[in-house]
Amino acid sequence: MIFFKKKRIELGEGHILQYTIFEHKKFGGIWIYNWKTIIQNRFHTHAFNAIAFLLWGSYTEAVLDNDGTIIEKEVNQWMKPRFLPMDYTHKILKAKPNTWTIVFFGKWKETWKEYFEDTNTWVTY
């Protein structure tokens, strides 16, 4: 169980500052993100279902559809809930400066995946 922790996450160019309010893999938790992302170098899923809210700023993400199609989406509606299921495969392409989100997530399953386009490789964690 984690309470009130700051963590820097590197996923390509730029980074994310993650502020954990509460995290427990059996119950879920709350994270706040400050995005400093230029481009993430891999697609990823999550080990949990989540509801995310954009608090400030905006970002562009690429979503990998089940048929292999990549769709770009602009996330720019503040306080609109976004459901992110476990199998939602995406990466952040660019975040505007000072972009903030809050994520409420549920119980973790045992695995999640990352997809690397340059090598056409899936990795399960």
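A residue is called buried when its relative accessible area is under 20%, exposed when over 50%, and partly exposed in between, with a 1.4 Å probe and protein chains only. The model is predicted, so local features need pLDDT of at least 70 and side-chain atom pairs count only at pLDDT 80 or more, while totals for chains, interfaces and linings use all residues. Residues are numbered from 1 along each chain as its sequence is written, and side-chain values use heavy atoms, with hydrogens and water left out.

The interior comes first. A nonpolar core is a set of buried Ala, Val, Leu, Ile, Met, Phe, Trp, Tyr and Cys residues joined through side-chain atoms within 4.5 Å. The largest such core has 21 residues, and Y33, F48 and F105 have the most contacts inside it. Apart from this core lies another, of five residues, among them F43, A62, L93 and Y115.

Aromatic rings also meet one another. Rings of Phe, Tyr and Trp (its six-membered ring) pair if their centres lie within 6.5 Å; planes under 30 degrees apart count as stacked, over 60 as edge-to-face and the rest as tilted. By this rule there are 18 aromatic pairs. Y19 and W100 are stacked, because their ring centres are 5.9 Å apart and their planes stand at 25°. This pair links distant parts of the chain, 81 residues apart. Y19 is partly exposed, with a relative accessible area of 25%, and W100 counts as partly exposed at 26%. The rings of F43 and Y115 are tilted, since their centres lie 6.3 Å apart with planes at 45°. Both F43 and Y115 are buried.

Note on methods. Helices (H or I, at least four residues) and strands (E, at least two) are DSSP runs, numbered from the N terminus.
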